Amino acid sequence: MNSKQGLKNIVLIVGGYGVVGSQAAQILHDRHPDLEIWLGGRNQNHPLPFESNRVRIVSVNNTAADPLAELDHNPTLIINSVNDPDDRLLLSAMKRKIPLVDITRWTERFQQSIQRLQALELQSPVVLASGWMGGTASLLATVFSNSLREVTVNIHALYSLKDKAGPDSTAYMDRLSIPFEIINNQAKQIVYPMTDPVRVRFANEYETKCYRLDTPDHMTLPSSTHVTSASFRIAFDSKVSTYGLVSLVKTGIWKRISEDRFRGLRKGILYNPGSGSAHHLVIQIKGYNESGILEERSISITDPSGQTHLTALGAVIQAENLLRAQADRGWNSGVYFPENALTTGMSEADVLDFYREHGVEIVNRSAGVHERYA
């Protein structure tokens, strides 16, 4: 992936002056000197997150009937980094045949959007990158499991209470009373949030139990790759906070406060962003190699700049792949997931180089192996 190549295009980032959107804008701006960037939101008087004659704010309201109606002309590509609760932005982009990368939908909304898109005659690609950290977890899981078959992927995240977070970041967590479906050995299985703990040691040597959480990763990986089982688990870097939340769920208290009238209370529990901290992932992989031997791999991922930065990188790598594909040959219309990037133009080396260039530390800690990619 050549970051020096100028892309003479316009990228609209909806929510572009928010925590994640502004970082995605900065990354794209710095990597592509010829790229024009529009930051979409309801407040056209909002100050720019950074100064540049290639960046401007435009009016986009995801609650409007046609959110893109006020634009004077169509952008080349859209990144959506703010909730689109009724798919209005999604449908507005599809009507105009504009490719779109979305990083905002939790699993239920994700599935509803796919069903809605399948009922349309799409004439542009949509990348639904709503998995953990803009699809970074599932993309890297695919990079390190591509040579295996009958693969099981277990993704574990360590969420720092000191890290930055956008106001929409609690959408995943605010569903802790709702069971969800995973794929286990190609069979569907119903599981519950904050159950089935697994002890994990992260790159910062912090060891703790991680608990199930509903993210699209466990749906997309088995449906679009060689993975037959996938799970996602999370822990906070405070064991008191982790066990406190587990207790609220286990005792049924969380279910009792799951009504809309307690939304503020739940947000107060879940959303307390700090000034910034590193974000850690461990991806455990099992699968059979070409010789039929079962291999186990453990991949450690750390972004010193935190989860919002890693999410922004997840959005940018998908956007760049779309832009380059359009310039080279164009994409087929349809719905794509983050891991599909490896079959639509990017190589495994491209992916690792991209994250390394932006300070993400990736280490293969598999038995007998210690490979550092950053």
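**Reading burial and salt bridges**

Tutor: Asp 87 is buried, at a relative accessible area of 2%. Buried means under 20% relative accessible area, exposed over 50% and partly exposed in between (1.4 Å probe, protein chains only). The model is predicted, so local features need pLDDT of at least 70 and side-chain atom pairs pLDDT 80 or more, while totals for chains, interfaces and linings use all residues. Residues are numbered from 1 along each chain as its sequence is written, and side-chain values use heavy atoms, without hydrogens and water.

Student: Which side chain meets that of Asp 87 in a salt bridge?

Tutor: A salt bridge places a side-chain nitrogen of Lys or Arg within 4 Å of a carboxyl oxygen of Asp or Glu. Here the partner is Arg 105, at 2.7 Å, N to O. Arg 105 is buried as well, with a relative accessible area of 2%.

Student: Which parts does this pair tie together?

Tutor: Arg 105 lies in the loop between β5 (100-102) and α3 (107-118), and Asp 87 in the loop between β4 (77-80) and α2 (88-95), so the pair ties together parts 18 residues apart in sequence. Helices (H or I, at least four residues) and strands (E, at least two) are DSSP runs, numbered from the N terminus.

Student: Which residues are linked with them in a network of salt bridges?

Tutor: The network links Asp 84, Asp 87, Asp 102, Arg 105, Arg 109 and Arg 116. The structure holds 19 salt bridges.

Student: Is Glu 205 buried or exposed?

Tutor: Glu 205 is exposed, at 52% relative accessibility. Its side chain meets that of Arg 201 in a salt bridge (3.3 Å, N to O), and Arg 201 is partly exposed at 47%.
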